[in-house]
Amino acid sequence: KMATKEQNLEFLNNAMSTLTQIATNLSTPKNIRKNITDLVEELKSDEYSMSVRALNTINSLDDVTQDPNLPSYVRTSLWQAVSTLESIRE
């Protein structure tokens, strides 16, 4: 069953909230914070459809989670955001 626009928006906002918490947490490595901040900005942009933005972010986050310097709790939160973004269907 297709998600409604409202459901998709809720998923998007939940994911952005999770990512923003990671990006503003000073114990997250600085390069990761910058990366995540950029991804949140891309998610907010209306340049592409919501599902395309979600997919692009998922692909980028897959790369970020491979970073060996990433604290495990940050990785877990990023996977949570990925899981939420994967729920977006248009």
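Trainee: In which helix does Thr18 lie?

Mentor: Thr18 belongs to helix α1. Please keep in mind throughout that the model is predicted.

Trainee: Is Thr18 buried or exposed?

Mentor: The general idea is to compare the relative accessible area with a cut-off, since buried means under 20%. Thr18 has a relative accessible area of 12%, and is therefore buried.

Trainee: Which residues is Thr18 in contact with, leaving aside its neighbours within four places in sequence?

Mentor: With those neighbours set aside, the contacts of Thr18 are Ser77, Gln80 and Ala81. Let us follow one of these partners. Ser77 is located in helix α4, and its relative accessible area of 22% makes it partly exposed. Not counting residues up to four places away in sequence, Ser77 touches Thr18 and Ile22. By contrast, 21 Å separates the C-alpha atoms of Ser77 and Val52, which are 25 residues apart along the chain.

Trainee: What box do the C-alpha atoms of the protein chain fill along the principal axes?

Mentor: Taken along those axes, the box is roughly 40 × 25 × 20 Å. Two further totals describe burial and surface. Of the 90 residues, 40% count as buried. The chain exposes about 5500 Å², and carbon and sulfur atoms supply 50% of that area.

Trainee: What share of the contacts between residues at least 6 apart in sequence joins residues at least 24 apart?

Mentor: The share is 66% in this protein chain.

Trainee: How does one check the geometry of a helix, for example the span of helix α4?

Mentor: One compares an expected length with the distance between the end C-alpha atoms. Helix α4 covers residues 72-86, and at 1.5 Å a residue its 15 residues should span 21 Å. The end C-alpha atoms are 21 Å apart, which agrees.

Trainee: Which residues of α4 are buried, and which helices do they pack against?

Mentor: The buried residues of α4 are Val74, Arg75, Leu78, Ala81, Val82, Thr84 and Leu85. These buried residues pack against α1 (5-24), α2 and α3 (50-65).

Trainee: Where is Thr65 placed, and which residues does it contact beyond its neighbours within four places in sequence?

Mentor: Thr65 is in helix α3. Its relative accessibility is 6%, so Thr65 counts as buried. Leaving aside neighbours within four places in sequence, Thr65 is in contact with Leu70, Arg75, Leu78 and Trp79. Arg75 and Leu78 are also among the buried residues of α4.

Trainee: How many salt bridges does a search of the whole structure find?

Mentor: Side chains of opposite charge can pair when their charged atoms come close. In this case the search finds two salt bridges. One joins the side chains of Asp38 and Lys34, with an N to O distance of 2.9 Å. The other joins the side chains of Lys44 and Glu41, at 3.6 Å from N to O.

Trainee: What are the relative accessible areas of Asp38 and Lys44?

Mentor: Asp38 has a value of 33% and is partly exposed. Lys44 is partly exposed at 49%.

Trainee: In which helix is Asn35 found, and how far apart are the C-alpha atoms of Asn35 and Ala23?

Mentor: Asn35 is found in helix α2, and at 33% relative accessibility Asn35 counts as partly exposed. The C-alpha atoms of Asn35 and Ala23 are separated by 8.2 Å, although the two residues are twelve residues apart along the chain.

How values were computed
Residues are numbered from 1 along each chain as its sequence is written. This is a predicted model: local features need pLDDT of at least 70, side-chain atom pairs count only at pLDDT 80 or more; totals for chains, interfaces and linings use all residues. Side-chain values use heavy atoms; hydrogens and water are left out. A salt bridge is a side-chain nitrogen of Lys or Arg within 4 Å of a carboxyl oxygen of Asp or Glu. Buried means under 20% relative accessible area, exposed over 50%, partly exposed in between (1.4 Å probe, protein chains only). Helices (H or I, at least four residues) and strands (E, at least two) are DSSP runs, numbered from the N terminus. The expected span of a helix is 1.5 Å times one less than its number of residues. Contact means heavy atoms within 4.5 Å. Accessible areas come from the Shrake-Rupley method with a 1.4 Å probe; for residues, only the protein chains shown count as cover.
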